[in-house]
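User: Got the model open. Can you walk me through how the strands and helices sit together?

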Amino acid sequence: MSTVTFDSLNPATGAVVGTHPKASPEAVHEAVGRAETAAAWWGALGHAERKRRLLDYKAVLTQHIRELAALVHEENGKPVGDATLELVLAITHLDWAARNAAKVLGRRRVNTGMIGLNLAATLEYLPLGVVGVIGPWNYPVFTPMGSIAYALAAGNAVVFKPSELTPGIGVRLAELFKESVPEHEVFQTITGLGETGAALAGDPRVKKVAFTGSTATAKRVMAACAENLTPIVAECGGKDAFIVDADADLAAAADACLWGAMSNAGQTCVGVERVYVVDAVYDGFMRELTERAARLKAGEDYGPITMPGQVEIIKRHIDDATKAGKAVTGGPDAVRPPYVDPVIVEDVPEDSPAVREETFGPTITVRRTRDAQEALELANASAYGLGGTIFSRNARRATELARLMRSGMTAINSVISFAGVPALPFGGVGDSGFGRIHGADGLREFARPKAISRQRFAMPGMNLTSFNRGPEELERLVRLITFLHGRRKR
């Protein structure tokens, strides 16, 4: 029987990079079945053995870093240097997950309190079983590995469905895993289009789904998961804000802003899309920003727009923004598929699509504000809440602004730096999704807490969970609880 296939294309040239099968619902069902068997074996290995295998896998990925970076470049279009950086981040996260899983998830004793004086209590986090990961095309290694590595370290088997735009790198990641774990298919990649992902999300044997993509697609994945009450961690879109305070280092802020907005052709969920600059430094910041942007070249400093359909969204946002605001870099003619030149537009109304909707292209809107407080209010007036940035020389002030920013992560005097810290959780609020990957929270996201209490000895005169309990025992309990908790704090 012939297998239906599809091609992955180089977004810059249109050349075929690879041909891959469209996994049918039956093929997905079989893959999940294999994963169930693998999960039982992998979970029983224990933390120490899984750590050894995962660190070996880390070494394998590192040895193939040039090959993998070249493949990301071919499928996604980003420069090889940026693809290499993506792989380095993925490798460091894999290392952290492998080394910290036992400490975060392993069994530990829990204080039982005075009422439970005769008890011993433990808490541990056990594997879920099979985890389904549905990955994106913009960071086809770093983003899905933020779920895959942590799910594997937590003792689960993983079935990974990469984007149909970047399937080859997903296939290669699973192939290389077999060099470290040849016994069972603990990590499998299935390729296909939307129906393949739907079949994975809808399989009742999948105990959790990790999804990265648009908010609209996340809602459809959630609907499929709801049929079986399958929990989901969703990392969706963003419309991240960048605040420049009056005391900021303007050269450093402009440099970081441009990178955060334009790298990967702006196709970054935590990329800079909205910039708010305090009036006192606005003109100086804009000089720094536009001078740098003038030297930036699409096709050299960053790659093409990977998904052809995104070009129309970018064009619509640029057209709307330039009609209402003032283009200081680029404009409607910046769109020359598959590339988009840098676009910077001032004074765009806050209710315009270029400010309210995710653009996912190398464009930014910049607005002058009275002060940092107004900048924060405008930054928070968004349905999205993924990441953000504050530039200020006052560490205390910057930290307070970062705490008040409605986002899952905020960087101070740097851009997207939180993504490179494996111990920090990654995720958003609002339309940017829920749940967390990375860090201890990411490990616990792919495990289930197991609480155990054991009676060490009978409590004399306090047999409370028995029909033989008498009024004297209840009175002793009331006296004890009054002694412990009855004094008011004034």
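User: How many bridges join β10 to β18?
Analyst: This is a predicted model. In it, four bridges link β10 (residues 240-244) with β18 (residues 388-391). The two strands run parallel.

User: And which residue is the bridge partner of Ile 243 in β18?
Analyst: Ile 390.

User: What's the strand order in the open sheet?
Analyst: Seven strands, in the order β12-β15-β16-β11-β10-β18-β19. The pairing is mixed.

User: Which strands stand at the edges?
Analyst: β12 (326-329) and β19 (411-412). Each has a single partner strand, so one side of each has no neighbour in the sheet.

User: Which strands does α11 lie across?
Analyst: Helix α11 (residues 310-324) lies across β12, β15 (343-346) and β16 (363-369). It runs at about 35° to β15.

User: What about α13?
Analyst: Helix α13 (residues 372-380) lies across β10, β11 (272-278) and β16. Its angle to β11 is about 160°.

User: Switching topic. At what angle do α3 and α4 cross?
Analyst: Roughly 125°. The axes of α3 (residues 65-76) and α4 (residues 80-105) come within 8 Å. The two helices are therefore oblique to each other.

User: Left-handed or right-handed?
Analyst: The crossing of α3 and α4 is right-handed.

User: Which residues in α3 meet α4?
Analyst: Ile 65, Leu 68, Ala 69, Val 72 and His 73. On the α4 side they meet Val 80, Ala 83, Thr 84, Glu 86, Leu 87, Val 88 and Ile 91.

User: How does that contact of α3 with α4 split by class?
Analyst: Nine nonpolar, two polar and one charged.

Conventions: Residues numbered from 1 in each chain as written. Predicted model: local features only at pLDDT ≥ 70, side-chain atom pairs only at ≥ 80, totals over all residues. Heavy atoms only, no water. Axes fitted to C-alpha atoms, helices over the stretch in contact; angles between N-to-C directions. Parallel < 35°, antiparallel > 145°, perpendicular 65-115°, else oblique. Left-handed = near helix turned anticlockwise from the far one by under 90°. Contact = heavy atoms within 4.5 Å. Nonpolar A, V, L, I, M, F, W, Y, C, P; charged D, E, K, R; others polar. Pairing = 2+ DSSP bridges.
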